[in-house]
Amino acid sequence: MNWTEGIQSAIDYIEDNITEELDYSEIAARSACSAFYFQRIFGALCGMTLGEYIRSRRLTLAGSDIVSTDEKVIDIALKYGYSSPDSFTRAFASFHGVTPSEARQKPAELRSFSRLRVQIILKGGNSMNYRIVEKEEFTVLEKVERHTVAGGQNLNTIPEFWGRAHREGVIDTLQGYASDRSCMLGTCYGNGHTDCEEFEYGIAVQCAPDTVAPEGYRVNRIPARKWVVAECTGAMPNAIQQLWHEICSEFFPTTHYKPTYEMDIEVYSDGDMTAPDYKSQIWIPIE
């Protein structure tokens, strides 16, 4: 199964079971990757979270049921996963701009959010600079926090983490152990957690294998892997977030490479991260 087929298979599963309780791990299994990485890819590819897509589709179908059937509002609410008429009415009004009863009492213009279909669209002949690198096992020292993809929170909390790391001396501490001081690493681990929305993200440096971690930090060994290394130019965090979108929407769908879904690493060079010519990289292990 290729990248595009996997994402479409997961979307088809959602649509076929839209009135059932949806398990994110089961959805992700249709695309042959972990629940965390599926949500991360889905967000980069579609511009919304998986939860937002499911809610929008359910409320679209609920609106159709409200105006085209005689079903009770409570029955429609339960059908689309709402435990009470009040919670359904609030969500319905927020999405459609009118309450369910108002939609039935008078002709109302309801919002429609259509089903997603994955397509590869060639546009503008854009190119992405990348190379394939074979790298032996190496050791990192990292300061790690848990983050979540729920509601796209990680797009804000990770830049905030970096800001605190600079202010609170974390960067200086890490640099004191670095075997290569020309860059900092952002290490993202998405596998091995029971919560399919949470993941570990580390601010790290490459270090000597025998490094002893100071209190509050940890040493981790990154296994030998083949990596795709994508080049990025631009101010943080927008440039690296845009590169993630290009990787998910253009690179993997149009090449024979497939990520291993173990982890990924962002590499930040020394310099002004707000400058338009700032250089960074994304490393993704591949099969």
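Predicted model: local features only at pLDDT ≥ 70, side-chain atom pairs only at ≥ 80, totals over all residues.
Is D65 buried or exposed? D65 is buried, because its relative accessible area is 11% and buried means under 20%.

**Salt bridges**

D65 forms a salt bridge with K79. Their closest N and O atoms are 2.9 Å apart. D65 sits in helix α4, and K79 in helix α5 (residues 73–79). The two residues are 14 residues apart, and the pair links distant parts of the chain. K79 is partly exposed, at 30% relative accessible area.

The structure holds 13 salt bridges in total. The table sets out three of them.

| Pair | N to O distance | Relative accessible area |
|---|---|---|
| K79 and D65 | 2.9 Å | K79 30%, D65 11% |
| E145 and R164 | 2.8 Å | E145 23%, R164 26% |
| E198 and R146 | 3.1 Å | E198 28%, R146 43% |

E145 and R164 meet through their side chains. E145 lies in strand β2 (residues 138–148) and R164 in helix α8 (residues 154–167), so this pair ties together parts that are 19 residues apart in sequence. E145 is partly exposed. R164 counts as partly exposed too.

Strand β2 also holds R146, the partner of E198. E198 lies in strand β4 (residues 198–207), so the bridge ties together parts that are 52 residues apart in sequence. E198 counts as partly exposed, and R146 is partly exposed.

Salt bridges also link R40, D264 and E266 in a network.

**Helix packing**

Helix α1 (residues 3–16) packs against helix α3 (residues 35–46). The angle is about 100°, and the axes are 12 Å apart. That makes α1 roughly perpendicular to α3. From α1 come W3, I7, A10 and I11; from α3 come F38, I41, F42 and L45. The contact has eight nonpolar residues, no polar and no charged.

Helix α4 (residues 50–68) crosses helix α6 (residues 85–96) at roughly 95°, and their axes come within 10 Å. So α4 is roughly perpendicular to α6. On the α4 side are S56, L59, T60, A62, G63 and I66, which meet F88, A91, F92, F95 and H96 of α6. This contact has seven nonpolar, four polar and no charged residues.

**The nonpolar core**

In soluble globular proteins, nonpolar side chains tend to be buried together. Here the largest nonpolar core has 91 residues. Those with the most contacts inside it are I27, F38, Y201, I203, F252 and I265.

What does F252 touch, leaving aside its neighbours within four places in sequence? F252 is in contact with W3, V228, I247, Y257, K258, P259, I284 and I286. W3 also takes part in the contact of α1 with α3.

Methods
Residues numbered from 1 in each chain as written. Heavy atoms only, no water. Axes fitted to C-alpha atoms, helices over the stretch in contact; angles between N-to-C directions. Helix = DSSP H or I, 4+ residues; strand = E, 2+ residues; numbered from the N terminus. Parallel < 35°, antiparallel > 145°, perpendicular 65-115°, else oblique. Contact = heavy atoms within 4.5 Å. Nonpolar A, V, L, I, M, F, W, Y, C, P; charged D, E, K, R; others polar. Core = buried A, V, L, I, M, F, W, Y, C linked by side-chain atoms within 4.5 Å. Buried < 20%, exposed > 50% of the residue type's maximum accessible area, 1.4 Å probe, protein only. Salt bridge = Lys/Arg side-chain N within 4 Å of Asp/Glu carboxyl O.
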